[in-house]
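Please look over the sequence and the structure shown here before reading on. The report that follows takes up the ligand surroundings, the core, the strands and the confidence of the model in turn.

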Amino acid sequence: MSDTSRPSPSGTGPRALADGRTQPLGSGARTAAVIPAAGRGVRLGPGAPKALRALNGTPMLVHAVRAMAASRAVSLVVVVAPPDGAAEVKSLLDAHALPERTDFLVVPGGQSRQESVKLGLDALPPGYDIVLVHDAARPLVPVDTVDLVIETVRGGAPAVVPAVPLADTVKEVDPAEVAGAAETVVATPVRARLRAVQTPQGFERGALVRAHETVTGEVTDDAGMVEQVGLPVVVVPGHEEAFKVTRPLDLVLAEAVLARRRLNDGF
Ligand SMILES: Nc1ccn([C@@H]2O[C@H](COP(=O)(O)OP(=O)(O)OP(=O)(O)O)[C@@H](O)[C@H]2O)c(=O)n1
Ligand SMILES: C[C@](O)(CO)[C@H](O)COP(=O)(O)O
């Protein structure tokens with residue numbers, strides 16, 4: 001099979017195959033996680049920036065950092081803090097127990113999620129061939145999901161998203177009427193073919209960097225940017241506990257999940 005080589009920013013990355021997949025990176029590939037945590041959390045209501053709000057007494061961001069560091073494959077976590085809050089976030093992480101095998105970096109974020117992820121990527125040192133991007137707002141993702149995403153990138157996928165089927169039927173509405181007093185349905189996509197995608201999304205580093213350097217315009221996730229540069233995105237099973245804390249009711253659900261985990265763990 002013919003293939004073309006494409007250097008990764010670390011200089012140690014994989015070769016891109018003609019179909020956009022990459023040759024397997026192998027188990028030696030080092031993995032870093034970028035956690036965008038610079039959002040305000042407007043939909044959660046008034047209060048501190050969302051990532052700093054507590055879930056059972058511990059800031060959501062600390063839960064999210066621990067969720068990434070729980071994977072033995074993740075050796076660096078880059079936290080993208082609110083633009084004026086990097087020092088506060090650094091102190092917060094210093095004050096909470098985190099695995100010793102994992103290094104941490106904190107950088108200030110930007111005005112959009114996309115900009116914050118790019119700032120995190122820019123801060124990544126060389127030597128990491130796989131990059132996870134994980135919302136601070138998904139604090140409870142289980143380690144098995146994180147590991148599955150990493151394994152799939154190691155196996156040669158340039159981009160991987162964990163996803164779950166939808167419970168609701170989804171309607172597309174007339175774009176001219178979006179957020180108006182009334183909206184008209186223009187289509188009903190076949191639900192069985194739709195997936196709700198979660199994070200961490202995993203990437204071969206070169207693919208993600210290229211996407212962030214070339215794609216402009218509104219995007220709501222990083223895999224969508226990789227799609228736009230023409231690379232395949234592989235879907236793996238997500239997890240119901242990887243839901244995004246977006247509205248006040250999600251906080252109630254997150255605390256219930258933590259309570260159930262404590263019961264199951266017997267403390
Ligand atoms: N300028 C921004 C906006 C968002 N995020 C991060 O992107 C993730 C997903 O965003 P979302 O859940 O929408 O968070 P917020 O933007 O804080 O929420 P809202 O839209 O309700 O304000 C969050 O971890 C958030 O902190 C970020 O790093 N920088
Ligand atoms: C990246 C994401 O979590 C995938 O579902 C989602 O698109 C983030 O959206 P948000 O509006 O920035 O929370």
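## Ligand surroundings

For sorting the residues around a ligand, Ala, Val, Leu, Ile, Met, Phe, Trp, Tyr, Cys and Pro count as nonpolar, Asp, Glu, Lys and Arg count as charged, and the others, Gly among them, count as polar. In this predicted model, the shell around ligand 1 divides on that basis into eight nonpolar, eight polar and six charged residues. There are 22 residues around ligand 1, and those that come nearest are P36, A38, G39, R43 and S116.

Ligand 2 has a shell made up of R113, D135, V197, Q198, T199, T220, D221 and K244. By class, the residues around ligand 2 are one nonpolar, three polar and four charged.

Helix 1, which spans residues 60-69, is mostly covered, with nine of its ten residues buried. The buried residues of helix 1 are M60, L61, V62, H63, A64, V65, A67, M68 and A69.

The largest nonpolar core holds 63 residues, and those with the most contacts inside it are I35, L61, M68, V79 and V131. Helix 1 gives the most to this core, contributing eight residues. When residues up to four places away in sequence are left out, L61 touches A37, A51, L52, V79, V89 and A136.

Two strands are joined to strand 11 by bridges, as follows. Strand 6 (residues 130-133) runs antiparallel to strand 11 and is joined to it by four bridges, with L132 standing opposite G202 of strand 11. Strand 7 (residues 159-165) is likewise antiparallel to strand 11 and is joined to it by two bridges, and A159 has F203 of strand 11 as its bridge partner.

## Confidence in the model

The protein chain averages a pLDDT of 92, and 91% of the residues score at least 70. For the complex, the predictor gives an ipTM of 0.97 and a pTM of 0.92.

How values were computed. Residues are numbered from 1 along each chain as its sequence is written. Chains are lettered from A and ligands numbered from 1 in the order in which they are written. This is a predicted model: local features need pLDDT of at least 70, side-chain atom pairs count only at pLDDT 80 or more; totals for chains, interfaces and linings use all residues. A residue is near a molecule or strand if its C-beta atom, placed from the backbone, lies within 6 Å of it. A residue is buried if 20 or more other C-beta atoms lie within 10 Å of its own, exposed if 12 or fewer, and partly exposed in between; C-beta atoms are placed from the backbone. A nonpolar core is a set of buried Ala, Val, Leu, Ile, Met, Phe, Trp, Tyr and Cys residues joined through C-beta atoms within 7 Å. Two residues are in contact if their C-beta atoms, placed from the backbone, lie within 7 Å. pLDDT is the predictor's confidence in each residue, from 0 to 100. Two strands pair if DSSP finds at least two bridges between them.
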